[in-house]
Amino acid sequence: MRLHRNLVFATIDALAEIFNEGNYADKVIAKTLKRDKRWGSRDRSFIAETTYDIVRWKRLYAEIAEVKEPFKREDLFRIFAVWCVLRGVKLPEWPQFEGTPVRRIKGKFDELSRIRKFRESVPDWMDELGEKELGEKVWTKEIHALNEQAPVVIRANKLKTTPEELAAKLSKEGIETTSIRNYPEALQLVERANVFKTQAFQDGLFEVQDASSQRVAELLDVQPGMRVVDTCAGAGGKTLHLAALMENKGQIIALDIFGNKLKELKRRAKRAGAHNVETRSIDSTKVIKKLYNSADRVLIDAPCSGLGVLSRNPDAKWKLQPEFLEKIKNTQLEILEKYSRIVKDGGKLVYATCSILPSENEKQVQKFLKTEVGKDFTLLKEKKILSNESGYDGFYMALLQKA
């Protein structure tokens, strides 16, 4: 691989923004890729993948490079040099890479690879917490799996197509996919590609949605004609899946505290041809109270640490703080107590997170079942998905029924 100055400099600029200014990696990369219209798909994928790679391994690379945050520009070049050496990329004879200690880098890598928090590049507190909650054996496997690049999985929109038809259409557009056993609507890309530019996407034939995430709507056991409330709908990945499972019959009320996310959901629903979705912004407690005891099914896709999706959001390792985790656990329980009141007698509720921590998952459900509201509910089943076992995102989901 030959390094091109403008691509390396763009990568360094992106890293400076992510590490020193605390900006989100996906937004920084999206902005960086628009910098030069002459860049082809290979140039753009070099910037995106190299930036994500260095974000993922920040702690390990910074330790090897012997630099500390906030990183100066020369520190970022030292980190980049470590990336090159460990990837077997020949360093160009640029002033920024003069005197790079190649042998020392390799030696330091071998030494640090014996210590999990460096080898898997995680903060001390996260490593300790993962081991405490999951046990050493499971955590060691799981954090290793979460450092792998996430595969691109899409969900065929059954309102408009079948997985087989979609695979054929994408193949004509130069994108090869494979079906995934036991995931009826999922297709996995053989090679990474920008699927958003395809005609199939413009026509609303699919959504990008991880295989584990596709399990959530399935578990809710919806039927056409039901009244379903998606309480933390966000931009609506699971809402649209519910609409497809309900064959556009019945009503889905999509709620969220962020109005801009619901606007995006409206756009996506229009493209997907999902006509039974109504969005409502939670701007007061009245919005929830009006819905008490009215829904056949309620989905609570709760805000969480996001530890199960580190493979697609590697910068979350550095943004997440222990204080946030404690705060979010209180929020989860509050949401469960409030939003579960929307379920009518005999109705069902799914509580889901993209976390792998029992304290955000089964322990929260057990706490809820002991509350005044929770006493009316029975746990029917729960599913724990670990990345090291499934190859997809880490997830938790529990199906509860109201008496």
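A polar contact is a pair of N or O atoms within 3.5 Å, where, within protein, one atom must be able to donate a hydrogen and the other to accept it, and residues adjacent in sequence count only if both atoms are side-chain atoms. The views show a predicted model, in which local features need pLDDT of at least 70 and side-chain atom pairs count only at pLDDT 80 or more, while totals for chains, interfaces and linings use all residues. Residues are numbered from 1 along each chain as its sequence is written, and side-chain values use heavy atoms, with hydrogens and water left out.

**View A. Asp 256, a binding-site position listed by UniProt, in strand S6.** The unreviewed UniProt entry lists Asp 256, Asp 283 and Asp 301 under "binding site", and such annotations may be inferred rather than shown by experiment. Asp 256 belongs to strand S6, which covers residues 251-256 (strands are DSSP E runs of at least two residues, helices H or I runs of at least four, both numbered from the N terminus). With a relative accessible area of 7%, Asp 256 is buried (buried means under 20%, exposed over 50% and partly exposed in between, with a 1.4 Å probe and protein chains only). Beyond residues up to four places away in sequence, Asp 256 touches Thr 231, Cys 232, Ala 233 and Gly 234, then Lys 261 and Leu 262, and finally Arg 280, Ser 281 and Ile 282 (contact means heavy atoms within 4.5 Å).

View B. Asp 301, by contrast, sits in strand S8, and a relative accessible area of 19% places Asp 301 among the buried residues. The side chain of Asp 301 makes a polar contact of 2.8 Å with the side chain of Lys 238. Once neighbours within four places in sequence are set aside, the residues in contact with Asp 301 are Cys 232, Lys 238 and Ala 352. Cys 232 is also among the residues that Asp 256 touches.

**View D. Strand S11 and its two antiparallel partners, S9** **and S10****.** Strand S11 (residues 395-402) is mostly covered, with seven of its eight residues buried. On the S9 side (residues 343-353), six bridges link the antiparallel pair, and Val 350 stands opposite Leu 399 of S11. On the S10 side (residues 377-385), eight bridges join the antiparallel strands; Phe 377 faces Lys 402 of S11, and Leu 379 has Leu 400 of S11 as its bridge partner. In a regular strand the side chains alternate between the two faces of the sheet.

View E. The whole structure holds 12 aromatic pairs (rings of Phe, Tyr and Trp, the last by its six-membered ring, pair if their centres lie within 6.5 Å; planes under 30 degrees apart count as stacked, over 60 as edge-to-face and the rest as tilted). The rings of Trp 94 and Phe 97 are stacked, because their centres lie 5.6 Å apart and their planes stand at 25 degrees. Trp 94 is buried at 9% relative accessibility, and Phe 97 is buried at 5%. The pair of Phe 368 and Phe 377 is tilted, because the ring centres are 5.5 Å apart and the planes stand at 55 degrees. Phe 368 is buried at 0% relative accessibility, and Phe 377 is buried at 6%. Phe 9, Phe 46, Phe 77, Phe 80, Trp 83, Trp 94 and Phe 97 together form one aromatic cluster.

Notes. Two strands pair if DSSP finds at least two bridges between them.
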